[in-house]
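Subject: Handing over a structure

Hello,

Here is the structure I promised to pass on to you. Have a look at it first, and then read on for my notes.

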Amino acid sequence: MDTVRAGNKGYSAEMLVVTFNHVKKTVHDGSKIKILLSFGQHGRELITSELALSLLYILTEKRKIAGVDLSSFEKILEHLVIKVVPIENFNGRKRVEAGEICDRRNGRGVDLNRNWSVDWGKKEKDYNPFEEDPGTAPFSEPEAQIMQELSKSFKPHIWVNVHSGMEALFMPYDHKNTTPDGAPSHLMRSVLENVNHRNFQDSCLVGSGGGAVGYLAHGTTTDYLYDIAKVPMPFTFEIYGDEKASTDDCFKMFNPVDKITFDRVINKWCMAFLILFEEGLRTLPDDQVVSQGALDNWVPMGGEILERNMDQKSGGENGKLEGLDLGMQELKTYFRLFMLSTFLLMFMFCSRISKNRSRDSDEQSTA
């Protein structure tokens, strides 16, 4: 578990990142599917973080889901590395717990799902500044900076941004009423349709966020991850919504209020993630599953690791490997500079010899 902090202009954010690597010593990480799951991006959607906690319990303690035997998923987990961010918007969560039940923004009033760079800042006719403030610039918010850096360093094959407000399985795009072209788009849709059929009996909405949700959203996480970060399968899952709830009752709109519904939502969506893991492992082309560097060592842009709960031996080995990697990078840089300077010196030397020979030839001709 890494606790990570970043900040700017007097505002700071803290985030917990949990890494689950089932059989670290027997399966090479380069052959594994890397999955990044983010929960709690909007403060009022508390159920999403409850789902994160339950999913981590299932992965680490092998808890059953409503009596379902999970032994068949054990083999699948051996081929995955999963990073989980249980609460992306911790400052926004604190505002909600303090009584601002309808607030979805971060600690300084910015919607973190409008703070990414793809189509950033565009406002629709129904734009609500309280709900959708995109910030002063793309990645102006420390929370978005941490998540962007995590996407760069971890390079996931599958990313899921988990929300509540309805039940849906979304793929790009959010900022336009269409899905991407080509085979990758067909693979994404196939995975979502299989999850929908196997776990929800085809009851969830499936498609692009911009086409299915009823409005366009600009500067979202999912669109950046697909267009810029080139994540093969970035999704948005909407896990719960009460359409009958009053618009004045934000808690009930976005969160179950009784234990039976709560348990049903948690069990159903934990199972959906396990099926997603299986579908992703089966569907992703082999050429997209390649080694992309260390999985455990990363520091967010402008931030620092505050706490790393690892045993001493493992931490020492990671430190040595990181130091070796940095040393090799420096050696490569020095070697390139050496080769460049050598080439320039040889060029100057050869040019001087050529000029001298030309001068001697002219003098002999004159004589």
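Let me begin with the cysteines: C102 and C250 form a disulfide, with 1.9 Å between their sulfur atoms. Please keep in mind that this is a predicted model. A disulfide is a covalent bond between the sulfur atoms of two cysteines. With sulfur atoms within 2.5 Å as the cut-off, the count comes to one disulfide. The link of C102 and C250 is right-handed, with 95 degrees about the S-S bond.

C204 is buried, with a relative accessible area of 7%, and C270 counts as buried at 1% relative accessibility.

Next, the surroundings of helix 3. Buried residues in this helix are N91, G92, R93, R95 and V96. What do the buried residues of helix 3 pack against? Their partners are strand 2 (11–21), helix 1 (46–61) and helix 5 (142–154). Just after helix 3 comes G99, which takes a positive phi of about 125 degrees.

Finally, a pair of helices to look at together. Helix 6 (residues 183–200) packs with helix 10 (residues 259–283) at an angle of about 140 degrees, and their axes are 9 Å apart. Angles over 145 degrees would count as roughly antiparallel; helix 6 and helix 10 are therefore oblique to each other. Their crossing is right-handed. On the helix 6 side, the contact is made by L187, V191, N194, V195, R198, N199 and F200. Helix 10 contributes K268, W269, M271, A272, I275, L276, E278, E279, R282 and T283. Sorted by class, the contact of helix 6 with helix 10 has nine nonpolar, three polar and five charged residues.

Best wishes

Key: Residues numbered from 1 in each chain as written. Predicted model: local features only at pLDDT ≥ 70, side-chain atom pairs only at ≥ 80, totals over all residues. Heavy atoms only, no water. Buried < 20%, exposed > 50% of the residue type's maximum accessible area, 1.4 Å probe, protein only. Axes fitted to C-alpha atoms, helices over the stretch in contact; angles between N-to-C directions. Helix = DSSP H or I, 4+ residues; strand = E, 2+ residues; numbered from the N terminus. Parallel < 35°, antiparallel > 145°, perpendicular 65-115°, else oblique. Left-handed = near helix turned anticlockwise from the far one by under 90°. Contact = heavy atoms within 4.5 Å. Nonpolar A, V, L, I, M, F, W, Y, C, P; charged D, E, K, R; others polar.
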